[in-house]
Protein chains: 2
Amino acid sequence: MRIAIDAMGGDDGPGAIVDGALVAARHLQIGLLLVGDRTTIDRELSRHPGAAALDLRILDTPDAIGMEESPTAALRRKPRASVRLAADAVRDGEAAAFFSAGHTGASVMAALGAFGRLPGVDRPALATIIPTRRKPAVLLDSGATVECRPQHLVQFALLGASYARVALGCGSPRVGLLSVGEEESKGNELTREAHRLLKSAHVDFVGNVEGRHVYAGDADVIVCDGFTGNVTLKISEGLVDAVEALLHDELTATFGTRVGYLLSRQAFRRFRKRVDSSEYGGAPLLGINGLCIVGHGRSSAKAVRNAVAMAARFVSQHLVEQLGRGVAAPEGLPG
Amino acid sequence: MRIAIDAMGGDDGPGAIVDGALVAARHLQIGLLLVGDRTTIDRELSRHPGAAALDLRILDTPDAIGMEESPTAALRRKPRASVRLAADAVRDGEAAAFFSAGHTGASVMAALGAFGRLPGVDRPALATIIPTRRKPAVLLDSGATVECRPQHLVQFALLGASYARVALGCGSPRVGLLSVGEEESKGNELTREAHRLLKSAHVDFVGNVEGRHVYAGDADVIVCDGFTGNVTLKISEGLVDAVEALLHDELTATFGTRVGYLLSRQAFRRFRKRVDSSEYGGAPLLGINGLCIVGHGRSSAKAVRNAVAMAARFVSQHLVEQLGRGVAAPEGLPG
């Protein structure tokens, strides 16, 4: 198995991408196709004495898409942009999946262009695994499709339920619609109509889920438009950071609490691990006819390692084929 | 000064509402107009021996609006619903402001019907004070107007900046637009057009604010549509609860961390106070020509006390007049 890596994406630069990908390649014994500027990649590889023993290929291109560029225009202007070549390599059978931590919109457009959509899917969705008080859940769309119509949310529900079966081993996923009240009448035009459609869709629809119940684990799959999902995840990231900082202030305020803090540090580290988004590192783009894992812009080497491992696992599990079947003919469900 | 209280709203029932309102009345030496079923209110008052010494009036009505009702239809069907009589009492000069912890949509409709809008405002917004790593900030709309057009967000920016001056003493509020990326091109149709309009509005517009920067305190006023704002706040509430539960699990997992936890309890209590939404208890509805404070559905007696105190403070500060001037002729600002 070989995974294509957009070596030029990510806020921490090619160093963190190459570092993380190499750890995954060594650990999982998989090949990599590193796509980007050869001189830069070679320089990063030279820091890794063990790299020569790995199955690495380089696809040389100087072009990359910046975070401030418009993805459609940039992909048209740069046919050899690293993210596009990585997607094309998967389409052409040179790799089984691709990973990019660059511009999310560009990854989505490149993947759509190279793979096309699964039958029955109009818009793709990024599926992010979030921790809850019970067990992990899937939130989608977390940023691929910022303008949604009600039927898109129904398609996300089908994709999300299939994904929860494969990725979380969740036998009968409960699907909730993120809204501003539990009652069917609450919400905006999009969610009210989506609610109506979801009641007769082939998923175990548990109704509207309010924000305050998302982290309680009341649903295994939480469906929303990509704008709301992205805001939700980023608010959560920022809040966890703020909570840690505020708690740290309070915990170091007096001698007694400082002693307490020293003794409880291990607990904080374990807590951090449970809520840390780099534990998953990436989110698959669902609804397209190929495998693409989108990383955080701020992808650390650890996040990249975990995202590449996620890609390898989903290749082995034939995730795309399972999603295709899930959308075409949902199994074992009411409705 | 007299504050009208919708005694029938709130998930915890009239008991918590009356308890909290009485504490505020005694502490601040203000009068109350308790609106609701007289028998129920009298029964609650009988638990308070000191109530006879307070300036209390009761406006008797058996009708209340349930959380599952459609507000427009319910208000039409129940002209004597408690929230509507409370709003009308303010309009008629019998009270200076009203508080309701009932159905948010019904409070908004009742206030709009009784007071009308401020000149220059098309839609009202609920303004919620949130803690950040620096100082408190204002997020609006947190749930009054779930479908927004770009110009509504500009009006919210003007209202929010005026509110931050009055409520937070913030001399020159920095206004941010909640979106999914910092770049102007990121976002949905609503935020992209609102961004364009805000650049030439009479506010200190600092651009898009990503969710992860909201709690960092990068802006004093964060503007968004009511759906996104409500989801944001409820996600945050739920996440703080989940974080506390997860941390508690970890902190009590071993003997060492248990000792640490005991020693750091005080810090957790102080932290709780900083992030606890009941510390404010309610959110004013901005953009209408009268004062209405909307409480959480889950309003505890403490939250009600703080919300009634907030109402009294805003009456003294002539908040509505200041907002009217802020929307009509923004002061001391670029543009």
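Me: Is Cys170(B) buried or exposed?
Reply: This is a predicted model, in which local features need pLDDT of at least 70 and side-chain atom pairs count only at pLDDT 80 or more, while totals for chains, interfaces and linings use all residues. Residues are numbered from 1 along each chain as its sequence is written, chains are lettered from A and ligands numbered from 1 in the order in which they are written, and side-chain values use heavy atoms, with hydrogens and water left out. Buried means under 20% relative accessible area, exposed over 50%, and partly exposed in between, with a 1.4 Å probe and protein chains only. Because its relative accessible area is 10%, Cys170(B) is buried.

Me: How many disulfides does a search of the whole structure find?
Reply: A disulfide is taken as a pair of cysteine sulfur atoms within 2.5 Å. Over all chains, the number found is 0.

Me: Which cysteine sulfur is nearest to that of Cys148(A), and how far away is it?
Reply: Cys148(A), with a relative accessibility of 16%, counts as buried. Cys148(A) is in no disulfide, and the nearest cysteine sulfur belongs to Cys224(A), at a distance of 8.2 Å.

Me: Which residue does a cis peptide bond join to Leu140(A)?
Reply: Most residues other than glycine have a negative phi, and most peptide bonds are trans. In chain A, the residue in question lies in the loop between β6 (137-140) and α6 (150-168), where helices (H or I, at least four residues) and strands (E, at least two) are DSSP runs numbered from the N terminus. With omega about 0°, the cis bond joins Leu140(A) to Asp141(A).

Me: What is omega for the peptide bond from Leu140(B) to Asp141(B)?
Reply: Asp141(B) is found in the loop between β6 (137-140) and α6 (150-168) of chain B. The bond from Leu140(B) to Asp141(B) is cis, and its omega is near 5°.

Me: What is the phi of His318(A)?
Reply: His318(A) sits in the loop between α11 (301-316) and α12 (319-328) of chain A, and at 48% relative accessibility it counts as partly exposed. Although His318(A) is not a glycine, its phi is positive, at about 50°.

Me: At what angle do helix α4 and helix α5 of chain A pack?
Reply: Axes are lines fitted to C-alpha atoms, for helices over the stretch in contact, and angles run from 0 to 180 degrees between N-to-C directions. Helix α4 (residues 82-91) and helix α5 (residues 104-115) of chain A have axes 9 Å apart, and they pack at an angle of about 30°.
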